[in-house]
Amino acid sequence: MSDIGSSSLDQTEGLKTQNDRLKQLGLDKKDFDFIIALAGNPNTGKSTVFNNLTGLHQHTGNWPGKTVTQATGSYEFKGYRYKVVDLPGTYSLLAISEDEEVARDFILFGGPDVTVIVVDATVLERNLNLALQVLEITNNVVVDLNLVDEAERHKIDVDHEYLSELLGVPVVPTSARYDKGMDELMLAIHKVATGETKCKPYRIKTESPMLGQALDTLAEKIETIYPQLLNARWIAMRLLDGDERIIQALRDDEFAMRDDSMLESHKG
Ligand SMILES: Nc1nc2c(ncn2[C@@H]2O[C@H](COP(=O)(O)OP(=O)(O)OP(=O)(O)O)[C@@H](O)[C@H]2O)c(=O)[nH]1
Ligand SMILES: [Mg+2]
């Protein structure tokens, strides 16, 4: 590490890396290649998926400063080590309840490499609300279309390929209770994590022209300060909504992320 000139570090000093963020959230990326977040409405089978993926390699504690349980686990796939975080079930990411706050903060500030949204195939419409919210925040998403066995019993047949086209991210049908579709899920996660699959998440644009203009103006300013952000428009929306957590995050410069690849290029 001594070959990194201190002067070349000046620009990035004080900025946080992904792992600094993770540590604040009670996690550590050390020894892992990718961090995977499992999100979804309550009772969609997140923990069942989590158990299938991680087996006995699990650890539970609490989210720092919260009464919400933090469950993490790990697995290996194609030579990569994955750390999985089982997020609390939530209907939205507006951070009204403690559960929602934990889920949103992790997706927003923890910078997971892939966020898996577990949706219930029997009540897809209701579940897509959260899915669309997650797609607003992050690019790297895999949708786990779970409970397809239950859907079949109800004569519901979801066209997962078309859904994937509409959402702009991979959609994998699974029956977690029967351990079905897990290999396909791991492969989809792997491809998004390694960049083999490029996601183009669907983003809602239904606002009035005036609001749209205000959002564009604000997002442009945010992007000037934080060029690496992928969700400036979403942050602009939350600011206009008066979201205290997001306002505080801007005040505390929490969106400033040190890019480790930038440090690499400064070496030597
Ligand atoms: N039929 C069927 N049942 C499933 C499937 N996946 C999960 N379940 C069942 O659904 C129930 C809820 O599963 P969990 O894994 O606890 O769901 P969760 O999303 O973690 O729930 P919360 O953490 O409370 O939000 C359990 O009884 C599971 O056995 C599936 O693919 N098919
Ligand atoms: Mg659970």
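Predicted model: local features only at pLDDT ≥ 70, side-chain atom pairs only at ≥ 80, totals over all residues.
**The overall picture**

The protein chain holds twelve helices and seven strands. Of its 268 residues, 35% count as buried. If you look at contacts in the chain with a separation of 6 or more, 67% of them are between residues 24 or more positions apart.

How many of its seven residues are buried? Seven of the seven residues in strand 1 (residues 34-40) are, so the strand is largely enclosed by the rest of the structure. In a regular strand, side chains alternate between the two faces of the sheet. Here both faces are covered: F34, I36, L38 and G40 are buried on one side, and I35, A37 and A39 are buried on the other.

As for its partners, strand 1 pairs with strand 4 (residues 80-86) in the parallel sense over five bridges, and F34 stands opposite Y82 of strand 4. Strand 1 also runs parallel to strand 5 (residues 114-120), again with five bridges joining the two; there, L38 sits opposite V116. Strand 4 has another pairing, with strand 3 (residues 69-77), and this one is antiparallel, with seven bridges. Y82 turns up again here, as the bridge partner of Y75.

| Strand pair | Sense | Bridges |
|---|---|---|
| Strand 1 and strand 4 | parallel | five bridges |
| Strand 1 and strand 5 | parallel | five bridges |
| Strand 3 and strand 4 | antiparallel | seven bridges |

Which residues come nearest to ligand 1? Of the 16 around it, they are G45, S47, T48, G89 and R177. By class, the shell divides into three nonpolar, nine polar and four charged residues.

**Helices 9 and 10**

Now for a helix pair. Helix 9 (residues 209-225) and helix 10 (residues 232-240) pack at an angle of about 115°, and their axes are 8 Å apart. The crossing is right-handed. On the helix 9 side, A214, L215, L218, A219, I222 and E223 take part, meeting A232, R233, I235, A236, M237, L239 and L240 of helix 10. That contact has eleven nonpolar, no polar and two charged residues.

Helix 10 has A232, R233, W234, I235, A236 and R238 as its buried residues. These buried residues pack against helix 5 (124-137), helix 9 and helix 11 (244-251). After helix 10 comes G242, with a positive phi near 80°.

**Loop residues**

L230 is in the loop between helix 9 and helix 10. Is L230 buried or partly exposed? It is partly exposed, because 13 other C-beta atoms lie within 10 Å, and a buried residue needs 20 or more. The C-alpha atoms of L230 and N139 are separated by 7.5 Å, although the two residues are 91 apart along the chain.

Most residues other than glycine have a negative phi. D31, which is not a glycine, has a positive phi of about 75°. D31 lies in the loop between helix 2 (18-24) and strand 1, and it counts as exposed because it has 8 C-beta neighbours inside 10 Å. K155 is also a residue other than glycine with a positive phi, near 60°. K155 is in the loop between helix 6 and helix 7 (160-167). With 6 other C-beta atoms within 10 Å, K155 is exposed.

Note on methods
Residues numbered from 1 in each chain as written. Chains lettered and ligands numbered in written order. Buried ≥ 20, exposed ≤ 12 C-beta atoms within 10 Å, placed from the backbone. Helix = DSSP H or I, 4+ residues; strand = E, 2+ residues; numbered from the N terminus. Pairing = 2+ DSSP bridges. Axes fitted to C-alpha atoms, helices over the stretch in contact; angles between N-to-C directions. Left-handed = near helix turned anticlockwise from the far one by under 90°. Contact = placed C-beta atoms within 7 Å. Nonpolar A, V, L, I, M, F, W, Y, C, P; charged D, E, K, R; others polar. Near = placed C-beta within 6 Å.
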